[in-house]
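Me: I'd like to learn how to read a pocket in a protein model. Could you walk me through one?

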Amino acid sequence: MTAPKLPPDPAPGRPARADARRNREKLLAAARTVFATAEGAVPLDAVAREAGVGIGTLYRHFPTREALVEAVYAAELDAVHAAVHTLLADLPPDAALRAWLDRYAAFVAAKRGLLDTLRAGWASGSIATPDTRGRLTAALATLLEAGARTGSLRGDVDPDDVLTLLLGLFLATPTGGAPHRVGPLLDLIVDALRPRPGD
């Protein structure tokens, strides 16, 4: 589908209008929902409908499917990373870790609907390759360090090993496979990270 001709964007350096920012956020939220629940390729007009805006508004913010997918992925990764500090401010470290694992599971579900476009974009260079593993490992390190300080989580675990366990879990429970099993398996991982008697 060819993008319609649109009026020029505001001059560089000019802040986006409040309604334009709201539309962009609505589009990102709608795209997360649509991409996470779609069975196949998602038409961009479905994203616009979900956001309650016209297709021209979508193209004004995201001129290509790759631009939309890249923005959704980056926003999701930012949200997963930022959730650590919010959760630690509200919950004990072990409970914050468990809540963060649910947030990470939602990120994985959203990413599945984006994978074909992401892979093609990463291969062609049209989508920047983010340091996803590094950022997720850093988030886990923060949670594990907080738990070690309070004694609610083990202090001898490499956060990259925990991420490897999580990746294996999500590969073993693909969309349509056994999503109801994810919660109990995440519980097992948290239980394995608690100090053992006598530690």
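Reply: Happy to! In the second largest pocket here, H5 gives the largest share of the lining, five residues. Helices are DSSP runs (H or I, at least four residues), numbered from the N terminus. This is a predicted model, where local features need pLDDT of at least 70, side-chain atom pairs count only at pLDDT 80 or more, and totals for chains, interfaces and linings use all residues. Residues are numbered from 1 along each chain as its sequence is written, and side-chain values use heavy atoms, with hydrogens and water left out.

Me: What is the general idea behind finding a pocket?

Reply: Rolling a probe the size of a water molecule over the atoms shows where empty space is left. On a 1 Å grid over the protein atoms alone, a pocket is an open set of points where a 1.4 Å probe fits, with protein on both sides within 12 Å along at least five of seven lines; lining residues have an atom within 4 Å of a point. This pocket has a volume of about 380 Å³, the space filled by probe spheres set on the points.

Me: Which residues lie nearest the centre of the second largest pocket?

Reply: Tyr104, Val108, Lys111, Leu167 and Leu171, out of 17 lining residues. Two or more residues come from each of H5 (93–112), H6 (115–124), H7 (132–150) and H8 (159–172).

Me: What classes of residue make up the lining of the second largest pocket?

Reply: Twelve are nonpolar, four charged and one polar. Here Ala, Val, Leu, Ile, Met, Phe, Trp, Tyr, Cys and Pro count as nonpolar, Asp, Glu, Lys and Arg as charged, and the others as polar.

Me: How many helices does the protein have?

Reply: Nine, with zero strands.
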